[in-house]
Amino acid sequence: MLTLAGAGVAGVAAVGGVTDYAAGGVVRRAASKIGGTKASTALPRAFTVNTISASASAGDLFLSNMGTSAPAALIADPSGETVWSATGQKSYADTRLQSYHGSPVITWWESPTTGLAAYGSGRDVVTGTDHQVITTIGSHDGVSPDEHEFFLTDHGTAYIVSYVEVERDLSDYGGATKQPVLNGVFEEIDLATGAVLHHWESLDHADLAESHAGVPTDPAEPWDYFHINSAKPTPDGDVLISARHVWAVYKVGLDTGAVRWRLGGKRSDFHVPTAATFAWQHDAEFEDATTVRLFDNGTDGTVTVSKESQILWLKLDERRRQATLVRRFTHPDQVSALAMGNAQRLDNGNVMVGWGTAKRISEFDPYGELVFDATLPEMSYRAYRATWR
């Protein structure tokens, strides 16, 4: 069911507000890099550079340290020196520069828990480039922001996703008659008021039979059949939702919540050529009016469709329901990311790539040549490059 003009979000706070649990600490390294802030303790390097050329873009790298020893949202310069870090929580993800009412803001997701428990107890944070908190989105009406998506639209709203546990009869799928299932939830929230403008649930629109993920043998363990992991606006005002465990991307109408089409998976509405087959994917979005770009993991570590992860560009003919592969980037080292990952088109045409669990970040020129590459000490869910200071 899709809800319009729903209840307010209890976890949205005013400037400087704190909801649900204490805010993480913010560390700033050097006055020259953070506009007059006094120097703090030295921060560990964010990555080790393997390759860099003159064709690499300007700007800093926005990352998240997902390790258990030093979890953080962080920004690093191109040499790997950390110039800003938010710490104090046990999990961080999806640090990036976005825009809110025309002004640049830094956003990230954080949680006081780790692992799968973090799916149900996180919050999204928006700060100015002066690092003052503008607002947060926390738990509300049984929904808690998840690490997989926090996207700010150009009209003052945010796209978030969540995993909500519900009970279903899974005996037809090899499970128990009463077993929890993770329902993939998408919401659009007005950041100024906290109102939930749109609410969508996967179980209303994506059948359990579409899943490629096996049902857990333990009847107490939830089945993550859908695994929603990105939500981005489409050029015509709908939303594009990626679901890793069904190997498909869904175009969903914001007016009704109906699935307008599926790209990939068991019930694809498009003919997808073999060369464009993707599986366990992340970060699907329209790069232009007819082209979808996505990060194809190719494997989950158990079922492998592609031996190396890749960034794919698929041109869609929505009338004829035909998908055509127009571009494909892979890493020279045949990097394979079992989970996580993203791609970002930069202003100069280059493409920034985060390789998720493979602990690499890379930048390619428009022709697919590697112009920057680095190794991370820990996983980063996504990676972005931006000029902000």
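How many bridges pair strand 23 with strand 24, and in which sense? Strand 23 and strand 24 (residues 360–364) are joined by four bridges in the antiparallel sense. The views below are of a predicted model, in which local features need pLDDT of at least 70, side-chain atom pairs count only at pLDDT 80 or more, and totals for chains, interfaces and linings use all residues. Residues are numbered from 1 along each chain as its sequence is written, and side-chain values use heavy atoms, with hydrogens and water left out.

**View 1. Confidence along the chain.** The average pLDDT of the chain is 90; pLDDT is the predictor's confidence in each residue, from 0 to 100. A score of at least 70 is reached by 88% of the residues. Residues 1–41 stay under 50. For this stretch the model has 128 contacts beyond four places in sequence (contact: heavy atoms within 4.5 Å).

View 2. Strands are DSSP runs (E, at least two residues), numbered from the N terminus; two of them pair if DSSP finds at least two bridges between them.

**View 3. Strand 23 and its two partners.** Strand 22 (residues 342–345) pairs with strand 23 over four bridges, in the antiparallel sense. Here Q344 has M352 as its bridge partner. Towards strand 24, V351 is partnered by F364 and V353 by S362. Which residues of strand 23 are buried on each side? V351 and V353 are buried on one side, M352 and G354 on the other, so both faces of strand 23 (residues 351–354) are covered. Buried means under 20% relative accessible area, exposed over 50%, and partly exposed in between (1.4 Å probe, protein chains only). In a regular strand, side chains alternate between the two faces of the sheet.

View 4. Five residues lie between strand 22 and strand 23 in their hairpin, where G349 has a positive phi near 95 degrees. The hairpin of strand 23 and strand 24 also has five residues between the strands. In that turn, G356 takes a positive phi of about 55 degrees. K359 sits in the loop between strand 23 and strand 24. Its phi is near 60 degrees, a positive value in a residue other than glycine. Most residues other than glycine have a negative phi. K359 is partly exposed, at a relative accessible area of 31%.

**View 5. H131 in its loop.** H131 lies in the loop between strand 8 (123–128) and strand 9 (133–137). Phi of H131 is positive, near 70 degrees, in a residue other than glycine. Is H131 buried or exposed? H131 is buried, with a relative accessible area of 6%.

**View 6. T82 and the backbone of A46.** T82 belongs to strand 5 (residues 82–87). T82 is buried, with a relative accessible area of 3%. A polar atom of the T82 side chain lies 3.5 Å from the backbone nitrogen of A46.

View 7. Strand 14 and strand 15 run antiparallel and are joined by five bridges. I228 has A243 in strand 15 as its bridge partner.

**View 8. The largest nonpolar core.** This core has 28 residues. A nonpolar core is a set of buried Ala, Val, Leu, Ile, Met, Phe, Trp, Tyr and Cys residues joined through side-chain atoms within 4.5 Å. Those with the most contacts inside it are F186, W223, Y225, F226, V239, I241 and Y250. At least two core residues each come from strand 11 (157–168), strand 12 (179–190), strand 14 (228–233), strand 15 (239–243) and strand 16 (248–252). Another core, of 16 residues, lies apart from it and includes A46, A56, L61 and F372.

**View 9. Contacts of Y250.** Leaving aside neighbours within four places in sequence, Y250 is in contact with residues including A206, E210, F226, V259, W261 and R262. V239, L240, I241 and A243 are also among its contacts.

Definitions and conventions:
A polar contact is a pair of N or O atoms within 3.5 Å; within protein, one must be able to donate a hydrogen and the other to accept it, and residues adjacent in sequence count only if both atoms are side-chain atoms.
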